[in-house]
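Please open the model in your viewer and keep the sequence panel at hand. The tour below moves from one selection to the next.

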There are 2 protein chains.
Amino acid sequence: MSRTTNRKTQKTPHHHGDLYEALIDAGIEILQETGVAGLTLRGCAARAGVSHSAPAHHFEGMEGLLTAIAARGFRLFTETMIKERENSADKPRERLVAICHGYLQFSQQNGSLYNLMFSSERVNFSNANLTCASALAYQVLADGCAPFEHGSAGPAATEIMIWSLLHGYAGLSRKAQHTDQQHPMSNIRIDDILPHLELKARTTKRGSKSKQQ
Amino acid sequence: MSRTTNRKTQKTPHHHGDLYEALIDAGIEILQETGVAGLTLRGCAARAGVSHSAPAHHFEGMEGLLTAIAARGFRLFTETMIKERENSADKPRERLVAICHGYLQFSQQNGSLYNLMFSSERVNFSNANLTCASALAYQVLADGCAPFEHGSAGPAATEIMIWSLLHGYAGLSRKAQHTDQQHPMSNIRIDDILPHLELKARTTKRGSKSKQQ
DNA sequence: GCACTTAACTTGACAGCGTCAAGTTAAGCA
DNA sequence: TGCTTAACTTGACGCTGTCAAGTTAAGTGC
């Protein structure tokens with residue numbers, strides 16, 4: 001039915017047109033509306049207007065769809081962090097704080113999607129599309145950490161410290177929302193914590209990373 | 001069948017004896033063996049040797065069982081942290097580090113259970129049994145943080161900083177395990193990160209918390 | 001313009017899932 | 001011994017992911 005209501009009435013390349021992306025769109029919508037519990041292959045197919053078995057031609061089962069949704073999630077995640085970074089002052093610390101705010105903004109506004117991206121056992125983290133999207137997100141944070149002094153363990157220790165702190169804070173504050181009783185989490189902002197991390201901007205060396213933007 | 005092989009052959013209070021705990025045992029076993037994807041009400045019932053509908057008399061559906069499993073998980077979690085703490089030297093910093101090691105030891109050895117305890121949307125975080133068990137675990141960490149100086153946001157900021165860092169590190173290192181390619185995470189230990197947190201033991205005041213143990 | 005190939009999608013079936021209603025068994029008690 | 005009630009079983013329901021087979025339509029060679 002109403003298959004003719006495609007964006008291009010002239011030439012629909014196949015039955016649907018772009019079912020792959022449409023199924024991911026549907027999945028993200030359902031994720032936002034009902035959480036991961038309501039996310040089903042059949043539900044995504046129905047929302048995209050195709051039969052319950054159509055997704056099998058584009059994804060390797062449920063795991064494949066979830067992996068593709070997670071990959072899309074990482075791209076949106078990267079966009080959110082970059083957007084916040086570009087609205088900040090061009091100082092190392094303020095840029096990093098802006099990235100952190102973007103990180104938490106995304107995790108709070110897309111809780112179920114964020115959860116799927118990180119903690120689900122139903123996602124194939126070996127998938128190239130996903131690891132690529134995930135690596136791009138990580139790179140934004142790593143770039144934000146680069147201008148600071150690192151300990152003997154090198155820059156990775158700084159990156160993991162920030163990334164862990166944000167990931168943990170995001171997960172805990174999400175859990176605190178779902179709890180009835182008052183949680184100590186509720187009164188603590190990320191800006192109360194970040195100053196207690198040992199982060200000193202390097203002043204000696206120049207030119208290595210400061211070229212970009 | 002072999003219902004008579006109970007621990008007390010004398011007086012089995014009812015058909016099974018202690019199905020409530022047996023179902024949680026079964027659930028944790030299945031969780032360790034197959035991950036959360038293989039955890040089903042019917043599977044737990046089968047492992048406990050009862051029919052597929054028996055769990056309904058002890059738990060409010062799947063959510064109830066998962067919530068009870070999570071609560072049990074928090075108690076095991078608390079035990080692990082306390083055990084590590086009591087094997088450490090009686091200095092504030094070493095005690096806190098020991099608690100952190102206990103935290104990560106548990107999360108690494110019980111990945112699926114840990115995941116269920118924190119990030120699942122299928123658990124009822126308003127359940128009194130669960131919030132109680134969860135609060136006891138939090139208290140161990142809060143006690144470990146108490147001897148240190150806190151910023152203007154009070155002790156909660158220190159607690160949330162440590163808790164977030166551990167929770168994030170646990171989740172990311174778990175994710176790194178599931179990824180094929182080399183992850184920057186793999187080379188960084190928690191002991192590379194903890195020294196970069198601003199944590200100064202209070203030396204002036206005495207007697208407030210140092211009484212215990 | 002027409003047959004051929006192949007990708008995209010549909011239809012129908014299957015077992016396994018959580019949940020519910022109704023029936024059965026056994027424990028505790030008067 | 002008979003009654004009440006908690007513990008558990010049986011059977012059914014709709015929903016799920018997945019698979020096999022059939023159908024439709026797009027692309028291609030002639």
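Which residues does A:Tyr103 touch, not counting residues up to four places away in sequence? Select A:Tyr103 in this predicted model, and its contacts can be picked out as A:Phe77, A:Met81, A:Tyr114, A:Phe118, A:Leu141, A:Trp163, A:Leu166, A:His167 and A:Ala170.

Then turn to the contact of the two chains, to which chain B gives 44 residues and chain A gives 44 residues. About 3,800 Å² is buried between chain B and chain A, with 66% of it on carbon and sulfur atoms. On the side of chain B, select B:Glu121, B:Lys175 and B:His196, which lose the most area to chain A and together account for 18% of what that side buries.

Finally, colour chain B by element: α5 (111–119), α6 (128–145), α7 (155–177) and α8 (190–193) are the elements that give two or more residues to the side touching chain A. Of these, α7(B) gives the most, with 14 residues, while by class that side of chain B has 22 nonpolar, 16 polar and six charged residues.

Methods
Residues numbered from 1 in each chain as written. Chains lettered and ligands numbered in written order. Predicted model: local features only at pLDDT ≥ 70, side-chain atom pairs only at ≥ 80, totals over all residues. Heavy atoms only, no water. Contact = heavy atoms within 4.5 Å. Buried area = accessible area lost by both parts, 1.4 Å probe. Helix = DSSP H or I, 4+ residues; strand = E, 2+ residues; numbered from the N terminus. Nonpolar A, V, L, I, M, F, W, Y, C, P; charged D, E, K, R; others polar.
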